[in-house]
Amino acid sequence: MALIFPSLPGLAWNVVKAPTFQTRIQRAVSGRELRALDYPYPLWQFTLGFEFLRDNPAADYDELRTLLGFYMLCQGAFGTFLFQDPSDYQATGQAIGTGNAAQTLFQLVRAIGAALPGGGFAEPILAPNLVSAVYLNGVVQSPAAYSVDPNTGLVSFTAPPGNGAVVSADFSFYFRCRFIDDSYDFENFMYRLWQLKKLTFISVRS
């Protein structure tokens, strides 16, 4: 069963979210460049800070042990977990493909910057949470007509959508992540009160 990052009080502002690509660049003496993109979709890096983490289990205030236990269950940077970004976790009426009367598999995607040319940047969703509806040409389909793989975000139809049929979906999603470091500094600044100034993790493909 996948671990889900806990929602805890004490989360501080600012929260930092950084999409990261990787490009190899070779520059000739003339100044011309040859660029190679290592991966076409970004890895998302998150930085959180917790102003307080209470350590008083007898009074049901145990954020410190909850976060510490979660981190240790992941064994530092080794294990993966699911993170729901409170500001970016759902899509409504998102187009995910067009039927051709043969294809049965469609990848969940979400568009970023839909007002841009081409409908923005379409990024695959690899860790769906809840797919509440799937549509063909705007008509909601019975859940019996399709299934969704929670590990890949692939929507599989029992029968291929007709030629030209627009496939869209309403869904929420997670980011599959791992911690960046194998050690973080939890600071005890007052009796039964701790803080974690910087917690970093990054999305992963698997």
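Cys74 is buried, with a relative accessible area of 1%; here buried means under 20% relative accessible area, exposed means over 50%, and partly exposed lies in between (1.4 Å probe, protein chains only). Cys177 is buried as well, at a relative accessible area of 0%. With a disulfide defined as a pair of cysteine sulfur atoms within 2.5 Å, the count comes to zero disulfides. Cys74 takes part in none, and the nearest cysteine sulfur, that of Cys177, is 10 Å away. Cys177 is likewise in no disulfide, and for this residue the nearest cysteine sulfur is that of Cys74, 10 Å away.

The model is a predicted one, in which local features need pLDDT of at least 70 and side-chain atom pairs count only at pLDDT 80 or more, while totals for chains, interfaces and linings use all residues. Residues are numbered from 1 along each chain as its sequence is written, and side-chain values use heavy atoms, with hydrogens and water left out.

Turning to the protein as a whole, one helix and 17 strands are found, where helices (H or I, at least four residues) and strands (E, at least two) are DSSP runs numbered from the N terminus. The C-alpha trace spans about 65 × 60 × 30 Å along its principal axes. The radius of gyration is 21 Å, whereas a compact globule of 206 residues would have one near 17 Å; the radius is taken over C-alpha atoms, and the globule rule is 2.2 Å times the number of residues to the power 0.38. Buried residues make up 36% of the 206 residues. Among contacts (heavy atoms within 4.5 Å) with a separation of 6 or more, 69% come from residues 24 or more positions apart.

The accessible surface comes to about 12,200 Å², and 55% of this area belongs to carbon and sulfur atoms. Such areas come from the Shrake-Rupley method with a 1.4 Å probe, and for residues only the protein chains shown count as cover.

Gln26 is part of strand S2, which covers residues 23-27, and counts as exposed at 57% relative accessibility. Leaving aside residues up to four places away in sequence, Gln26 touches Arg32, Glu33 and Leu34. Gln26 and Lys198 lie 172 residues apart in sequence, and their C-alpha atoms are 35 Å apart in space.
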